[in-house]
Amino acid sequence: MAKVVVVTSGKGGVGKTTSTAALGAALAQTGQNVVVVDFDVGLRNLDLVMGAERRVVYDLINVVQGDAKLAQALIRDKRLDNLSILPASQTRDKDALTEDGVARVMGELREKFDWVICDSPAGIERGATLAMRHADLAVVVTNPEVSSVRDSDRIIGLLDSKTEKAEKGERMDKHLLLTRYDAGRAQRGEMLNVEDVLEILSIPLLGIIPESEEVLRASNMGSPVTLSNVNCAPSRAYMDAARRLMGETLPVTIPPERRGLFSKFFARRAA
Ligand SMILES: Nc1ncnc2c1ncn2[C@@H]1O[C@H](COP(=O)(O)OP(=O)(O)O)[C@@H](O)[C@H]1O
Ligand SMILES: [Mg+2]
């Protein structure tokens, strides 16, 4: 049975697109058949992050409107056979996505793939509610700062009211993915710490992704970070998050402060 996941947040620039690409790739790396779907009509960026931008011919709107078949619009990843992307259009406006059309396409995707991962636009408007509408579970991407946590809280409200699951009286599974976490800044009190965020949002923690230049490097190369550098800290965190999505129980480690290693070393020498 396919699982539809929405990667959502309310706030922009928190790491939704990065996380969609990385989680999608990580699931595919474990052998799952995955499609990532770009709902951010107008800001076509999932294809860029995945390095597929030059191969886009048809997009989600074409398929929703019946101008192209799903198979014509799906782009297979050049590195992984079992990873595909359904891109969004850069030019046409978001009203081109009709509810019925999206429902039909999601139904078709469910039949073809094990995982359908939907990258949501920022905001709480129609685009975001369309992206979450058919989800079985939600990954709420949040940065450890007040405005991001507040917007995530608002999104949780929408997930519990505006989705098909909510309308059927079922519970939407929600998982918190804390991204761009900077241990040093958290320790200095410049960012919220993990407990603060968990207490405010009170949804289970899927993972903590450290702030890392590796993520930017991967994005500039047009590759999900889990494919460009399997062993860096953000990749390991995304791989673990993907395994938790598949139902494994793994302890979440809070990324250590880099300087912490030195201070530990000096503390030992001093002792
Ligand atoms: N863990 C991270 N470390 C460093 N930069 C990151 C990290 N996650 C995301 N970014 C950067 O933050 C910016 C916004 O990320 P993006 O995924 O496009 O956010 P959104 O889709 O929520 O708008 C991008 O430049 C991306 O490379
Ligand atoms: Mg985005």
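**Ground rules**

I number residues from 1 along each chain as its sequence is written, and I letter chains from A and number ligands from 1 in the order in which they are written. Because the model is predicted, local features need pLDDT of at least 70 and side-chain atom pairs count only at pLDDT 80 or more, while totals for chains, interfaces and linings use all residues; side-chain values use heavy atoms, with hydrogens and water left out.

**Entry: ligand 1**

I started with the residues around ligand 1, taking a residue as near if one of its heavy atoms lies within 4 Å of the molecule. I get 14 residues, and the closest are Gly-13, Lys-16, Thr-17, Thr-18 and Arg-180.

Gly-13 puts a backbone N or O atom 2.7 Å from an oxygen atom of ligand 1. For Thr-17, a backbone N or O atom sits 2.9 Å from an oxygen atom of the ligand. Ser-212 has a backbone N or O atom 2.9 Å from a nitrogen atom of ligand 1.

How much of ligand 1 does the protein cover? I find 82% of the 560 Å² of accessible area that the ligand has on its own. Those areas are Shrake-Rupley values with a 1.4 Å probe; for residues, only the protein chains shown count as cover.

For the elements I used DSSP runs numbered from the N terminus, with helices being H or I of at least four residues and strands E of at least two. Helix H1 (16–29), strand S8 (205–210) and helix H11 (213–221) each give two or more residues to the shell. H1 has the largest share, 3 residues.

By class I count 5 nonpolar, 6 polar and 3 charged residues in the shell. Here Ala, Val, Leu, Ile, Met, Phe, Trp, Tyr, Cys and Pro are nonpolar, Asp, Glu, Lys and Arg are charged, and the others, Gly among them, are polar.

**Entry: salt bridges**

My search of the whole structure gives 15 salt bridges, each a side-chain nitrogen of Lys or Arg within 4 Å of a carboxyl oxygen of Asp or Glu.

Arg-133 pairs with Glu-167, closest N and O atoms 2.8 Å apart. Arg-133 is in the loop between helix H6 (126–132) and strand S6 (137–142) and Glu-167 is in helix H8 (residues 164–167), so the bridge ties together parts 34 residues apart in sequence. Burial next: under 20% relative accessible area is buried, over 50% exposed, and in between partly exposed (1.4 Å probe, protein chains only). Arg-133 is buried at 14%, whereas Glu-167 is exposed at 53%. I also noted a salt-bridge network linking Glu-99, Arg-133 and Glu-167.

Asp-160 bridges to Lys-174, again with closest N and O atoms 2.8 Å apart. Asp-160 lies in the loop between helix H7 (146–159) and H8, and Lys-174 in strand S7 (residues 173–181), so this pair ties together parts 14 residues apart in sequence. Asp-160 is partly exposed at 43%; Lys-174 is buried at 9%.

Asp-240 and Arg-243 form a bridge with closest N and O atoms 3.9 Å apart. They are 3 residues apart in helix H13 (residues 233–245), about one helical turn.

**Entry: cysteines**

How many disulfides are there? I get 0, using a pair of cysteine sulfur atoms within 2.5 Å. Cys-118 is buried at 0%, and Cys-232 is buried at 9%.

Key: A polar contact is a pair of N or O atoms within 3.5 Å; within protein, one must be able to donate a hydrogen and the other to accept it, and residues adjacent in sequence count only if both atoms are side-chain atoms.
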